[in-house]
Every structure is written in structure tokens, then in C-alpha cells.
Amino acid sequence: NSALDVGVRLQSIRKLKGLSQRELAKRAGVTNSTISMIEKNSVSPSISSLKKVLGGIPMSLMEFFSLDLEAEASAPVVYRAAEQAELSRGLLSMRLIGKDHPDRALTFLSVTYPPGADSGEALLLRDGEEAGILVEGRLELQVGEQRYTLESGDTYYLVAGQPHRFRNPFEAPAQLISAATPAHF
């Protein structure tokens, strides 16, 4: 039964994640030949060694055995406007693109800041990177103590550890499109 064929499953999931045998071996702290032998079914891994290998993906044993590979391979490509998840926070209207996409590595948002709206009192701090473009209106971006006024068409790029916040002290709504890694929503 190929659903329980550990070697075939591991190879399919590894390829789905875009990992080479070498990369998975490095991440999991095992040899390339270990991955190769498991995938060829020339060894039957113990639960603990399979857990160690899956740690390099990362994925739990339960996910490994319950993952529907057919569904994973056919993840949606287009998300219609009506299907985008609305994550409103306070006055903000936030639409998350690709919410249910398996293994989303980034957060891609369309955020509307009505006049007077902001991203919160506290500065936001990300583990990864964030970039965005203001597509409509004007928006204030605070990075640390520095404040910038973004005009329509202006972009920004933040790296990990740069505390920041957005505010709309202007009279018209502002629309921001941003992407951040790793996925945080």
C-alpha cells in the first residue's frame, strides 16, 4: 500500500518541499545515504530515526502519515477576491493571500488603513524580512525612532530585528501591499 510506503512518502514530501536529499540530510543531522536508503526502502527506519529525519523538514510523524499528497500537489494557484481571508484588527482591514496554502513560507497581505488607523501602539518586530509598496494614499512608517512618510508608489524593505509601526494620520485611506517571511499569520 503506497499510502504507508515510507520511502515513497518521504521522497514525495521531500520533493514537494523543494529539498534535495543532501539538504534534508544536513537539516536532519543524518547522512545522505540514510535518506537514500529510506527512500529506496532498503532500510525500514525506526520511529525515532524517522522522527529525526522529519525534524529536518520540519514535520511531525502524524503529519507525515496523514498528509494527503494528492491534495498537497494541487494547492490552489489563484485566490479570488471573494476567497481572501479577512483578518480585520481594530480599524484595519487586512486580507491575507493564500491563507490555506500548504507550507506557506511568507505572509502576503493587502492592508487598508483608514484615516486615524495604525498597526498598534507597540512597534512590530519580525524574525524575518518584510517588504511592501504603498498603492494608495499616504502612510507614516516608523522604524525605531525614525519616521518616514510613504507616498503612493513608495516601497520599503525591513530586515529582522527592525522595530516598526504604521500609522495613517492623513485624511484619506491608505492601502499597503506587503510580504513578510517567515509566515506569521
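Which residues of helix H3 (residues 32–39) are buried? The legends below, which describe a predicted model, begin with this helix.

**View 1. Helix H3 and its buried residues in the predicted model.** Ile35, Ser36, Ile38 and Glu39 are the buried residues of helix H3, which spans residues 32–39. Viewed along the axis of H3, these residues fall within an arc of 165°, so they line one face of the helix. They pack against three helices, namely H1 (6–16), H2 (21–28) and H4 (47–55). Asn41 follows H3 and has a positive phi, near 60°.

**View 2. Helix H2, with its buried and exposed residues.** Leu24, Ala25 and Ala28 are the buried residues of H2. The arc that they cover around the axis is only 100°, which puts them on the same side of H2. The exposed residues Arg22 and Lys26 are carried on the face turned away from this buried side. H1, H3 and H4 are among the elements that cover the buried residues of H2. After H2 comes Gly29, whose phi is positive, near 75°.

**View 3. The open sheet of six strands.** The strand order is S1-S2-S3-S9-S4-S7, and the pairing is antiparallel. Strand S1 (85–86) and strand S7 (155–158) stand at the edges with a single partner strand each, so one side of each has no neighbour in the sheet. Strand S2 (residues 93–97) runs antiparallel to strand S3 (residues 107–113), and five bridges join the two. Within this pair, Ile97 has Phe108 of S3 as its bridge partner.

**View 4. Strand S9 and its pairing with S3 and S4.** Side chains alternate along strand S9 (residues 174–180).

**View 5. The open sheet of three strands.** The strands are arranged in the order S6-S5-S8, with antiparallel pairing. The edges are formed by strand S6 (146–151) and strand S8 (164–167); each has a single partner strand, so one side of each is left without a neighbour in the sheet. From one strand to the next, the twist averages 25°. Strand S5 (residues 138–143) and S8 pair over four bridges in the antiparallel sense. Glu140 stands opposite Arg167 in S8.

Methods. Residues are numbered from 1 along each chain as its sequence is written. This is a predicted model: local features need pLDDT of at least 70, side-chain atom pairs count only at pLDDT 80 or more; totals for chains, interfaces and linings use all residues. Side-chain values use heavy atoms; hydrogens and water are left out. Two strands pair if DSSP finds at least two bridges between them. Axes are lines fitted to C-alpha atoms, for helices over the stretch in contact, and angles run from 0 to 180 degrees between N-to-C directions. Buried means under 20% relative accessible area, exposed over 50%, partly exposed in between (1.4 Å probe, protein chains only). The arc is that of the directions from the helix axis to the C-beta atoms. Contact means heavy atoms within 4.5 Å.
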